[in-house]
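Work through the exercises below with the model open. Each task is followed by a solution in steps.

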Amino acid sequence: PEAAGLMHGAIEAFAQQFAYVVRHLLRAKPWRDTERIVVGGGMRDSQYGELSIARAGVILKGEGIKVELLPIRKHPDDAGLVGAAHLAPSWIFGRYDGILAVDIGGTNIRAGLVKLDLKRAPDFSKASVWKRELWRHADEKPSRTEAVERLVAMLGKLVGLAEKEDFRLAPFIGIGCPGRISSDGSIARGAQNLPGNWEASGFNLPKMLAEQIPLIGKHETVIVMHNDAVTQGLSEVPFMRDVTHWGVLTIGPGLGNARFTNRNPPDKD
């Protein structure tokens with residue numbers, strides 16, 4: 001009973017602080033009229049995390065704030081990888097079985113082969129991570145160069161697996177990375193938890209990967225990098241047709257967020 005009481009107290013304390021963050025976020029102009037928020041990152045990957053999210057939602061409802069808080073649908077290790085499929089150009093759809101995806105975090109770097117499964121669901125609702133590689137870089141404290149080299153090796157291994165299994169791999173790599181990502185693929189700010197200086201003016205991860213992996217199959221590799229909260233949120237796109245404005249919060253070494261607006265009217269069926 002004493003241990004249970006301690007855990008309930010911790011859940012309540014976190015839920016109160018989380019509700020405080022959401023409350024102030026919803027007051028910001030870009031977040032007004034948000035109907036639903038999904039919560040990703042490491043916080044979501046535990047029963048206590050899910051209870052904290054649910055409790056924060058109850059607190060907000062008790063204050064008359066009409067927003068739904070839910071754990072992100074995919075496992076947090078998979079959400080950012082699956083969401084990267086939404087970054088891909090439309091010409092790859094129908095011609096390939098899947099893509100390469102990368103989720104870079106302050107503790108881990110994940111890479112995976114994302115199976116699109118478009119025959120079953122053209123809206124990506126059945127997309128899943130087919131094969132994966134995980135490296136906990138926080139344990140080794142590598143330099144930036146070593147981190148990039150390790151990522152290239154992880155991607156190379158996945159390309160080899162795809163060839164071996166006759167998996168039609170698109171010449172595309174989608175990347176989710178912390179920080180404010182510029183249009184040229186450089187990182188303007190917010191990458192302080194990554195190994196080395198990823199905000200340096202001469203560093204551009206997509207360009208470096210394109211040099212190391214110029215071709216996938218017989219075609220030139222296309223690489224798109226976006227903020228990691230955005231890519232996690234994109235994994236929820238197929239399941240957000242019933243609302244107009246929704247967002248994602250990712251809780252890990254930092255607090256990431258992204259707000260989305262559906263272009264088409266909500267499907268209320």
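The structure holds 12 salt bridges. The model is predicted.

**Exercise 1. A bridge from helix α1**

Task: Find the salt-bridge partner of R23 and state which parts the pair ties together.

Solution. 
- Step 1. Apply the cut-off, which is 4 Å from a Lys or Arg side-chain nitrogen to an Asp or Glu carboxyl oxygen. The closest N and O atoms of R23 and E63 are 2.9 Å apart, and the two residues form a salt bridge.
- Step 2. Check the cover. R23 has a relative accessible area of 16%, so R23 is buried. E63 has 41% and counts as partly exposed.

**Exercise 2. A bridge between strands, and its network**

Task: Characterise the salt bridge of R36 and E68, then name the network that holds both residues.

Solution. 
- Step 1. Take the distance. The side chains of R36 and E68 meet at 2.9 Å, N to O.
- Step 2. Locate both residues. R36 is in strand β1 (residues 36-40) and E68 is in strand β2, so this bridge ties together parts 32 residues apart in sequence.
- Step 3. Classify each end. R36 is buried, at 10% relative accessibility. E68 is partly exposed, at 31%.
- Step 4. A network of salt bridges links R36, E68 and D242.

**Exercise 3. Testing a pair against the cut-off**

Task: Decide how R110 and D103 are paired, and whether each is buried or exposed.

Solution. 
- Step 1. Read the N to O distance: 3.6 Å for R110 and D103.
- Step 2. Compare with the limit. A salt bridge needs a separation within 4 Å, so this pair qualifies.
- Step 3. R110 is at 16% relative accessibility, which is under 20%, so R110 is buried. D103 is at 4% and is buried.

**Exercise 4. Ring geometry**

Task: Classify the ring pairs F93 with F124 and W198 with F203.

Solution. 
- Step 1. Take the total. There are five aromatic pairs.
- Step 2. Examine F93 and F124. Their ring centres are 5.2 Å apart and their planes stand at 70 degrees, so this pair is edge-to-face.
- Step 3. Locate these two rings. F93 is in the loop between α3 (76-83) and β3 (98-104), and F124 is in the loop between β4 (109-115) and β5 (128-135); the pair therefore ties together parts 31 residues apart in sequence.
- Step 4. Check their cover. F93 is partly exposed at 29% relative accessibility, and F124 is buried at 10%.
- Step 5. Examine W198 and F203. The centres are 5.2 Å apart and the planes are at 65 degrees, so this pair is edge-to-face. W198 and F203 are buried.

**Exercise 5. Charges over rings**

Task: Which rings have the charged ends of R73 and K131 over them?

Solution. 
- Step 1. Follow R73. Its charged end sits over the ring of F239, 4.0 Å from the ring centre.
- Step 2. Follow K131. Its charged end sits over the ring of W130, 5.1 Å from the ring centre.

**Exercise 6. Helix residues and their surroundings**

Solution. 
- Step 1. M7, Y48 and L51 make a nonpolar surface patch of about 260 Å².
- Step 2. S52 is buried, with a relative accessible area of 2%. Leaving out residues up to four places away in sequence, S52 touches I11, F14, A15 and M43.
- Step 3. Q16 is partly exposed at 35% relative accessibility. Beyond its neighbours within four places in sequence, Q16 is in contact with R55 and I59.
- Step 4. Q16 and G106 are 90 residues apart in sequence, and their C-alpha atoms are 25 Å apart in space.

Note on methods: Residues numbered from 1 in each chain as written. Predicted model: local features only at pLDDT ≥ 70, side-chain atom pairs only at ≥ 80, totals over all residues. Heavy atoms only, no water. Phe/Tyr/Trp six-rings, centres within 6.5 Å; stacked < 30°, edge-to-face > 60°. Helix = DSSP H or I, 4+ residues; strand = E, 2+ residues; numbered from the N terminus. Buried < 20%, exposed > 50% of the residue type's maximum accessible area, 1.4 Å probe, protein only. Lys NZ or Arg CZ within 6 Å of the ring centre and 35° of its normal. Patch = residues over 30% accessible without salt bridge, like charges linked within 9 Å, V, L, I, M, F, W, Y side chains within 5 Å. Areas by Shrake-Rupley, 256 points an atom, 1.4 Å probe, with all protein chains shown as cover. Contact = heavy atoms within 4.5 Å.
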